[in-house]
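Hello,

Here is the structure we talked about. Please look through it first, then read my notes below.

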There are 2 protein chains.
Amino acid sequence: MAACNPDALLLRALRNEKQERMPLWVMRQAGRYLPEYRKLRKQAGSFLNLCNSPEMACTATLQPLRRYRLDAAIVFSDILIVADALGCELGFAEGEGPFLARPAADEKMIASLAEPGVDAFAGVAATIGACRGELAEDVALIGFAGAPFTLACYMVQGSGGREFALARRLMLTEPQAFAELIDRTTRAVAACLSAQAAAGADVLMLFESWAALAAPHYLDEHVVKPAAKVIALLREAGIDLPIIVFPRNAEQVAGKMVAAGANAIGVGWQADLVEVRAAVGEQTALQGNLDPAALLADRETLRSAIARTVAAHGTGAGGRIFNLGHGIGKETDPESMAILVDAVREFSAC
Amino acid sequence: MAACNPDALLLRALRNEKQERMPLWVMRQAGRYLPEYRKLRKQAGSFLNLCNSPEMACTATLQPLRRYRLDAAIVFSDILIVADALGCELGFAEGEGPFLARPAADEKMIASLAEPGVDAFAGVAATIGACRGELAEDVALIGFAGAPFTLACYMVQGSGGREFALARRLMLTEPQAFAELIDRTTRAVAACLSAQAAAGADVLMLFESWAALAAPHYLDEHVVKPAAKVIALLREAGIDLPIIVFPRNAEQVAGKMVAAGANAIGVGWQADLVEVRAAVGEQTALQGNLDPAALLADRETLRSAIARTVAAHGTGAGGRIFNLGHGIGKETDPESMAILVDAVREFSAC
């Protein structure tokens with residue numbers, strides 16, 4: 001498959017090369033704030049149908065690129081496809097978010113999980129393949145997966161609520177079973193990302209959205225080490241794509257993630273970007289940090305917030321990627337995204 | 001009114017005096033995990049009825065004390081009574097949690113808020129008065145209020161969901177209006193705590209439950225300074241009770257809260273207690289840190305987790321108060337609380 005131009009701005013930032021401006025993309029840029037997405041979602045009948053149809057998922061992936069001058073597309077998919085491939089049976093209740101019909105709630109259920117290989121992720125790979133040919137060569141295509149700890153929390157709990165108390169209980173009461181779950185999930189995540197790499201992704205990203213639910217003494221074991229193993233498995237398989245790790249609300253592990261092989265760190269909006277930069281040094285790209293609520297504000301407020309985020313990214317040698325610190329909200333006016341794109345190009349130009 | 005014995009263990013811990021064991025209480029100890037609470041709640045008809053009846057609220061306050069050897073009672077109330085007194089009209093939708101029928105969503109609504117004095121909090125004061133006579137003299141009675149930033153987030157949003165995006169928007173777009181809201185709320189919080197002090201509370205606690213939703217550059221302005229002002233207003237009013245501040249998931253402000261006059265810091269379960277102790281030194285009491293999920297585990301796992309938390313509290317000169325790092329979950333078996341009480345007494349004995 002054709003990859004994007006190696007000089008695409010996002011790839012250069014990920015290599016910490018000199019940037020004439022910050023590359024820009026937005027988490028959940030293909031999403032509900034776009035009327036054309038809502039229309040497509042309605043046609044698909046369900047979120048899962050949309051995810052599972054490479055043609056429709058490709059359309060969703062490309063929608064924000066048709067409106068905005070973004071430097072990357074992120075494949076339209078869901079972090080829980082790995083849980084589904086492991087056998088937890090992903091579903092979506094209308095208006096309620098995702099659930100897993102067969103949670104991996106105990107040792108026996110964990111032992112009976114499937115062992116998905118690269119083939120199990122043919123759907124998202126097909127979406128990537130479909131998108132690749134449609135994208136301009138200076139637009140990078142990002143493949144992604146949920147990170148093992150976040151997926152394990154969902155798989156034990158079966159849904160997203162209650163601060164995953166059941167998962168935290170299992171971690172305490174059956175540490176071996178939880179470790180086994182993390183280990184199986186780690187291999188599945190690597191398979192999912194390998195499939196996307198083989199299909200033509202230019203960049204890979206690991207979303208550790210619930211990293212903060214690992215108490216501090218668990219962060220190394222359940223967050224840092226599994227991410228390190230995913231990266232090692234990818235490198236062993238000969239995949240040398242840049243990898244972004246987003247340990248949301250646990251950015252204190254950023255330095256360890258870099259040591260684990262991450263090429264870039266996603267930074268949530270609640271973290272202090274300057275502190276994260278100090279922790280990782282100048283040989284690592286940082287991405288993110290704008291509060292998505294800024295996109296709900298008026299034009300001048302939004303522009304000021306963007307200017308502040310650009311300034312916080314600094315002008316050092318480390319790569320800088322503009323993004324929000326969390327997914328774009330569904331209440332966002334699409335016009336605000338247009339303001340954002342212009343402002344990032346204006347403020348980050350060197 | 002009669003206060004508890006000045007040598008009560010909790011008060012001694014709050015003065016950083018030598019403790020023969022750690023005093024113990026549990027956030028939300030009067031709550032849904034107790035069958036007798038669920039019965040009372042049903043009799044009351046609604047959560048608000050229960051809060052608003054000093055007699056029933058006193059019964060709820062005392063229920064955990066009748067079962068367990070706890071060192072403190074915390075008055076049965078809700079952090080949102082201050083929002084209600086400001087005019088936002090607190091309600092509870094069955095199974096959905098609290099909402100404010102008249103949110104303070106813009107400058108005009110903020111300007112039209114009420115200015116509640118001490119009298120506006122006669123209800124919770126009456127509950128405190130009713131409880132005081134029923135408690136053993138070695139049991140401290142804790143009065144509390146939501147802290148200004150957390151309350152402001154609720155008041156703008158009108159409910160608890162969506163990570164308070166509307167509040168974050170207002171903070172950005174109308175900084176003066178948001179500052180005005182914080183300022184009005186700060187005075188109301190001080191009035192609420194003053195009323196509870198006058199009614200016989202032995203200790204006051206400020207719950208800044210959503211501190212982490214203030215981006216780092218807002219923490220000083222919207223979290224630390226308002227707490228400092230609440231404390232200053234109380235001290236100016238001659239109230240010298242010890243004050244515990246709980247900046248949940250933003251424990252990095254602990255040192256500043258101590259400088260602001262807090263006598264103790266509540267520490268969430270996601271924070272590293274040893275780091276917080278290093279930040280505040282040995283002249284400040286710390287409270288909390290056990291993951292409430294430990295109470296969902298088997299006896300031995302629970303005891304191990306408690307031993308680890310006791311060890312993390314250390315044996316230095318700073319006061320140590322055993323508590324969870326968040327409220328006790330409604331799924332908790334009441335027997336687990338009994339195990340916890342025994343284990344804390346056993347492990348923390350000097």
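In chain B, strand β5 (residues 203-208) runs parallel to strand β6 (residues 243-247), and the two pair over five bridges. Two strands count as paired if DSSP finds at least two bridges between them. Helices (H or I, at least four residues) and strands (E, at least two) are DSSP runs, numbered from the N terminus. Phe207(B) has Phe246(B) in β6(B) as its bridge partner.

A word on the source. This is a predicted model, in which local features need pLDDT of at least 70 and side-chain atom pairs count only at pLDDT 80 or more, while totals for chains, interfaces and linings use all residues. Residues are numbered from 1 along each chain as its sequence is written, chains are lettered from A and ligands numbered from 1 in the order in which they are written, and side-chain values use heavy atoms, with hydrogens and water left out.

**The sheets**

β5(B) and β6(B) belong to an open sheet of seven strands in chain B. The order is β1-β4-β5-β6-β7-β8-β9, with parallel pairing.

Within chain A, strand β6 (residues 243-247) and strand β7 (residues 264-267) pair in the parallel sense over two bridges. Val245(A) stands opposite Ile265(A) in β7(A).

An antiparallel pair is found in chain A as well. Strand β2 (residues 90-93) and strand β3 (residues 97-100) of chain A pair over four bridges. Phe92(A) has Pro98(A) in β3(A) as its bridge partner. β2(A) and β3(A) form a hairpin with three residues between them. In the turn, Gly95(A) has a positive phi of about 75 degrees.

**How the chains are related**

**Where they meet**

In contact (heavy atoms within 4.5 Å) are 30 residues of chain A and 30 residues of chain B. The copies meet through the same surface, because 100% of the interface residues of chain A are also interface residues in chain B.

Chain A and chain B bury about 2500 Å² between them, 55% of it on carbon and sulfur atoms. Buried area is the accessible area (1.4 Å probe) that two parts lose on being put together, summed over both. Arg168(A), Leu172(A) and Trp269(A) supply 22% of the area that chain A buries against chain B, more than any other three residues.

There are two salt bridges between chain A and chain B. A salt bridge is a side-chain nitrogen of Lys or Arg within 4 Å of a carboxyl oxygen of Asp or Glu. Arg168(A) forms one with Asp291(B), with the closest N and O atoms 2.4 Å apart. α9 (165-173), α11 (216-236) and α14 (299-313) of chain A each give two or more residues to the side that touches chain B. α9(A) gives the most, with five residues.

**Inside chain A**

The structure holds 34 salt bridges over all chains. One joins Asp183(A) and Lys229(A) (2.9 Å, N to O). Asp183(A) lies in helix α10 (residues 175-199) of chain A and Lys229(A) in helix α11 of chain A, so the pair ties together parts that are 46 residues apart in sequence.

Best wishes
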